[in-house]
Amino acid sequence: MNETTYKVEQYSVLNSDGEIINGRSIQVNDRELLEMYRLMKRARLLDEKLLRLQRQGRICTYPPFSGQEAAQIGSGMALNEKDWICPSYRDLAACLVRGMSIESILMYVKGYASGWKMPENTRILPIQVIIAAQLLHAAGIAHAAKIKGEDSVTVSYFGDGATSQGDFHEALNFASVFKSPVIFFCQNNQYAISIPVYQQMASATIAQKAIAYDIPGIQVDGNDVIAVYQVMKEAIKRAREGRGPTLIEAVTYRQGPHTTSDEPKKYRTEEETKKWLAKDPLLRLQKYLKKKLLLSDELENQILQQTKKEIENAIHIVDNTVPDSLDTVLGNAYKNPHLLLQEQIEYCSKKRGITK
Ligand SMILES: Cc1ncc(C[n+]2csc(CCOP(=O)(O)OP(=O)(O)O)c2C)c(N)n1
Ligand SMILES: [Mg+2]
């Protein structure tokens, strides 16, 4: 028997210095390139602010996404308003680009029930914390869309760790059998909490897991927003033409902790993190835009100031919003709340200083 090693080539367009790699074409116009930068900057600033708010005790435990903006923004921008996304807890940048407002995100991270309700006219499923469950939801939505003759594509966002769950395999199997218009978008950020990807799986890449389901498996440089956008466009075209699902592995890095309750210095070296910081997705796009003379220092500063103001305004609004009543938060699970739930309601009411 031959030993088999599957070979998967990684697709990229820009190198870390923001230069176009030989022979690669760019199918994004100047307006879209600037929009990518604006959205990535917006996401980065929001993520950094949320981390500070958590340290001040103003929001709940928070899983930052810095480092993963190109993967989420590049993929989200390639969709249109009919398309669905099924995000995980680390995909707030994808939610932003698909229409969730900063205010809604703030409500969500503050634990307000209304933050879980996606704004009208967005096709975003509630944020999923159960690892890999949203792949099944995506396969189901895509299957339904096909039966109804709708032209929508569904994207499921998940991490490297999720590919070790049974749900991942069930969803890929179902979608490949029914040729459902779904894209399985994996952000391989190198870790599932503290477990590095090489300890978690024997396969050299996540993209190669598509072979078993006879669907395309594409590995892309997840810190290269243009490359991500272009492979997504291909996968979307395939889905809309009725040719079925695609698995995309966006290779990236979680620059921060798993969540605000984690200390990554315990399981990874500063050297490793430094190496990845040099491949920062925002820096790469910024270098390219500056070389192309699309982004001046003045415009960069203008974007920075405008975005900071927008975030501060949203914080002000949400800080002055009355939290949802405990009835909204705890009252919908059982017809008649059982004793334990009643105890919880009383405990929370006392803590909040309110009776209901
Ligand atoms: C079904 C299930 N098992 C375990 C957990 C606990 N858990 C939370 S995050 C996480 C790691 C997930 O890693 P990955 O899929 O790579 O996503 P990332 O956090 O890196 O974005 C685990 C095991 C969970 N939320 N759900
Ligand atoms: Mg991960």
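The structure is a predicted model, in which local features need pLDDT of at least 70, side-chain atom pairs count only at pLDDT 80 or more, and totals for chains, interfaces and linings use all residues. Residues are numbered from 1 along each chain as its sequence is written, chains are lettered from A and ligands numbered from 1 in the order in which they are written, and side-chain values use heavy atoms, with hydrogens and water left out.

**Around the ligand**
- Ligand 1 is surrounded by 15 residues, the closest being Tyr89, Arg90, Gly161, Asn189 and Tyr191, where a residue is near if one of its heavy atoms lies within 4 Å.

**Polar contacts** (pairs of N or O atoms within 3.5 Å)
- An N or O atom in the side chain of tyrosine 89 lies 2.6 Å from an oxygen atom of ligand 1.

**The largest pocket**
- Ligand 1 sits in the largest pocket, meaning that more than half of its atoms lie within 2 Å of the pocket's grid points.
- A pocket is an open set of points on a 1 Å grid over the protein atoms alone, where a 1.4 Å probe fits, with protein on both sides within 12 Å along at least five of seven lines; lining residues have an atom within 4 Å of a point.
- The largest pocket is lined by 23 residues, and Tyr89, Ile131, Gly159, Asp160 and Gly161 lie nearest its centre.

How values were computed. A polar contact is a pair of N or O atoms within 3.5 Å; within protein, one must be able to donate a hydrogen and the other to accept it, and residues adjacent in sequence count only if both atoms are side-chain atoms.
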